[in-house]
Amino acid sequence: MALGRLWAGRAYGTNTGNLFAKLDGDDDALNGTLHLNEPGVGVVVYAVQGSFDGNQLTLTGQPQTQIEGIAFGQLTATASLGARGDLTGEWATNIGSAGTFILFPHDQTQAVEADPSKLPDQLHTVRHHFQAIEVDRQQITAIADEIQREFRNAQVVVTVTADTEQSRFLSDFKTLNFSADRAAVIKLYVREPEGSGLDRIALVEFGPQVNMAMTQGGDEAWVFGMLEKLKRSIRPLERSYTTNFKRLGFGINQLLIVGAIIFLPDLGSLRDRATLMAVVLALAFAVNWLHGRYLPFAAIYLRKKPTGLFARMAPTAASWLIAATASIVAALVAAYLQGWLAIPSAR
C-alpha cells in the first residue's frame, strides 16, 4: 500500500489530543481505526473508511466509544500529503466540533529491515547549469508538472522571491495571484523516500547568479534519466548572450582581453600599454554591468511573458550590439595608440 499503515500525530481545535491511526486496504478503499486520547475524556476510537488519490486523503468515521454524558459525532477528515511524508488537514463532526490535525508515518522503514548487502552502493547526485533563462508562469508550471509526475507521494514546493519570498505547494501556486509582474528567483523542490532507504530529490532553480537543475537518489539510472528530462524541458528557454558563447565556453570579455594581450607588444611605451589595458578592462566591466542591468541572467515573468519575434530576439540583439560597440571602441583605441588613427585637433 503506497500510503502506509501506521500513523501517529495530534489533533487541534474544539477537541485536542494525541492521535493514532491504523489503515488497511487499497488506496481507493481504505478502512481502519482512529484513536484520539483527549485529556479529561480518555481514549475515543473511531472506525474509519476512506480513499487516497496520491496527494489527498479523505476519511469518514463512526464513533465506537460510548461515554455517559458525552456525545461523539460522525467524523469527516481530509488531509494532504506533505513533502516530508506527513499528512496535514482538517477534521469536523456533524455535531459542530472541528479543527486541524497532523499525522506522521510510523511504519518500520525498509531501510531498517533490509539486508545491508542490498542497500545502494552510494548516493548519486548530478546537476546541470544553464545559460541565461527567460521563463513565464505557464512554463514554470509545465516544468513543475513534469517533476510532479515522477513523485507520487510528495508535492512539489514552489518558492518565489519577488516583493517577498513565498513557498507554496504546486497546487496552490497554480491559483495564487502575485502582485509583482516578475520574480528575482524561483525554485522548484521535491523530496520523497525511495525503496532503497534513501531519498529521491529534484531541484530546479532560476536566479540572478545561477540557473540549474539537480537530481539525487540511490538509483543511478533514475537520477540521470530525470536530469535529462529536465534538460529537454528547460533548454528551449535559454537565451544567447555574448558574455558567454555557449558552444565555446567563453565570451566577449575574454575576447577583448585576449585581443589586448596580442596587441600589447606592438605598443612602444608602458603608458600606451597601460592605457589600452585600462580601456579594455573598463569596457569589460561596462559589458557586464549592462547585461546585469538590462539583460538579467534569469528573466522570470509571473504572468505571460512578451510575445512576438521582436520580443524574442530583442535580448540577443541587444547583447550583440553591446559586444560590437565594445569591440569597436577597443579597436579604435588600439589603432590610435599605434598611430594608425589620427584625431584632428580642434583649432
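## Close-up views of a predicted model

**View 1. The lining of the second largest pocket has 17 nonpolar, 4 polar and 1 charged residues.** Ala, Val, Leu, Ile, Met, Phe, Trp, Tyr, Cys and Pro count as nonpolar, Asp, Glu, Lys and Arg as charged, and the others, including Gly, as polar. The model is predicted: local features need pLDDT of at least 70, side-chain atom pairs count only at pLDDT 80 or more, and totals for chains, interfaces and linings use all residues. Residues are numbered from 1 along each chain as its sequence is written, and side-chain values use heavy atoms, without hydrogens and water.

The pocket's volume is about 340 Å³. Of its 22 lining residues, Leu-36, Tyr-46, Leu-75, Trp-91 and Thr-93 are the closest to the centre. On a 1 Å grid over the protein atoms alone, a pocket is an open set of points where a 1.4 Å probe fits, with protein on both sides within 12 Å along at least five of seven lines; lining residues have an atom within 4 Å of a point. Points are joined across faces, edges and corners, and the volume is the space filled by probe spheres set on them.

**View 2. Strand 3 gives the most to this pocket lining, with 3 residues.** Strands (E, at least two residues) and helices (H or I, at least four) are DSSP runs, numbered from the N terminus.

**View 3. Glu-150 and Lys-229 form a salt bridge, their closest N and O atoms 2.9 Å apart.** The partners sit 79 residues apart: Glu-150 in the loop between helix 2 (137–148) and strand 11 (157–161), Lys-229 in helix 4 (residues 220–234). A salt bridge puts a side-chain nitrogen of Lys or Arg within 4 Å of a carboxyl oxygen of Asp or Glu. Glu-150 is partly exposed, at 25% relative accessibility. Lys-229 is partly exposed too, at 23%. The whole structure has 7 salt bridges.

**View 4. Arg-200 and Glu-192 meet in a salt bridge at 2.5 Å, N to O.** Both Arg-200 and Glu-192 are buried. Buried means under 20% relative accessible area, exposed over 50%, and partly exposed in between (1.4 Å probe, protein chains only).

**View 5. An open sheet of 4 strands runs in the order 13-18-10-17, with mixed pairing.** Strand 13 (182–183) and strand 17 (238–239) are the edges, each pairing on one side only. Two strands pair if DSSP finds at least two bridges between them. Strand 10 (residues 132–136) runs antiparallel to strand 17, joined by 2 bridges. Ile-133 has Glu-238 in strand 17 as its bridge partner.
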